Amino acid sequence: MVKTFALNLKSERAATDMRKQIRDRCVECFVPRCWTLKDPSDDGQFNLKGELVKGGKRERVQLRRLLFLLEYKELPPLGRQISMRCDDMLCINPAHMRVKGFEPSYRKVYNMIDREILTIGQAKEWYAEAEQ
Ligand SMILES: [Zn+2]
């Protein structure tokens with residue numbers, strides 16, 4: 001079952017530790033390319049420490065949902081699958097995620113380009129349909 005959860009990122013140490021754990025599971029992470037999981041059999045689940053969850057109870061969540069929430073500040077709509085615009089099934093870069101019925105704002109897209117997790121070419125290819 002898909003869980004709803006909210007993050008509490010007040011503990012900088014816990015948030016840094018979470019990012020390190022994510023980084024350790026990827027070939028490369030927080031880059032403008034695919035964030036490919038090292039292990040093809042990685043189950044894509046992530047154990048969130050209680051101090052990172054509002055309410056304080058530890059949660060086991062889907063890594064992609066967690067990264068989507070971190071990037072877009074909201075969870076994907078319930079019941080909606082996350083697919084990958086890059087077609088790499090081991091990629092977890094939130095800039096490459098596509099959820100039916102969800103389009104990030106231009107501001108968010110430009111922000112992802114600025115932070116170099118999305119290339120201009122990808123933005124043109126993937127987000128062009130929303131540029132009207
Ligand atoms: Zn990708």
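Student: In this predicted model, where is the place of Phe30?

Tutor: The model is a prediction. Helix H1 spans 12-25 and strand E1 spans 45-48. Phe30 sits in the loop between H1 and E1.

Student: What is the phi of Phe30?

Tutor: Most residues other than glycine have a negative phi. Phe30 is not a glycine, yet its phi is positive, at about 60°.

Student: Is Phe30 buried, partly exposed or exposed?

Tutor: Buried means under 20% relative accessible area, and exposed means over 50%. Phe30 has 29%, so this residue is partly exposed.

Student: Which residues coordinate the zinc ion?

Tutor: The donor atoms lie at 2.0 to 2.4 Å from the zinc ion.

Student: Which parts does the pair Cys34 and Cys86 tie together?

Tutor: The donors follow the spacing C-x51-C-x4-C-x4-H along the chain. Cys34 lies in the loop between H1 and E1, and Cys86 in the loop between strand E3 (82-84) and strand E4 (97-99). The pair therefore ties together parts that are 52 residues apart in sequence: the H1-E1 loop and the E3-E4 loop.

Student: What is the arrangement of the four donor atoms around the zinc ion?

Tutor: Four donors count as tetrahedral if all angles lie between 85 and 135 degrees. Here the angles are 103 to 113°, so the arrangement is tetrahedral.

Student: What is the phi of Asp87, and is Asp87 buried or exposed?

Tutor: Asp87 is in the loop between E3 and E4. Asp87 is not a glycine, but its phi is positive, at about 65°. Its relative accessible area is 64%, so Asp87 is exposed.

Student: Which side chain of opposite charge is nearest to Arg85?

Tutor: Arg85 is also found in the loop between E3 and E4. Arg85 is buried and has no salt bridge. The nearest side chain of opposite charge is 4.0 Å away, and belongs to Glu103.

Student: Which backbone oxygens does the side chain of Arg85 reach?

Tutor: One backbone oxygen lies 3.3 Å from a polar atom of the Arg85 side chain, and belongs to Met97. Another is reached at 3.1 Å, that of Trp126.

Student: Which element gives the largest share of the largest nonpolar core?

Tutor: This core has 39 residues, and Ile22, Leu48 and Leu66 have the most contacts inside it. Elements giving two or more residues include H1, E1, E3 and E4. The largest share is seven residues, and comes from H2.

Technical notes. Residues are numbered from 1 along each chain as its sequence is written. This is a predicted model: local features need pLDDT of at least 70, side-chain atom pairs count only at pLDDT 80 or more; totals for chains, interfaces and linings use all residues. Side-chain values use heavy atoms; hydrogens and water are left out. Donors are N, O and S atoms within 2.8 Å of the metal (3.2 Å for Na, K and Ca); water is not among the atoms, so sites may look incomplete. Four donors count as tetrahedral if all angles lie between 85 and 135 degrees; four count as square planar and six as octahedral if opposite donors are over 155 degrees apart and all others between 65 and 115; anything else is irregular. Helices (H or I, at least four residues) and strands (E, at least two) are DSSP runs, numbered from the N terminus. Buried means under 20% relative accessible area, exposed over 50%, partly exposed in between (1.4 Å probe, protein chains only). Lys and Arg count as positive and Asp and Glu as negative; His and the chain ends are not counted. A polar contact is a pair of N or O atoms within 3.5 Å; within protein, one must be able to donate a hydrogen and the other to accept it, and residues adjacent in sequence count only if both atoms are side-chain atoms. A nonpolar core is a set of buried Ala, Val, Leu, Ile, Met, Phe, Trp, Tyr and Cys residues joined through side-chain atoms within 4.5 Å.
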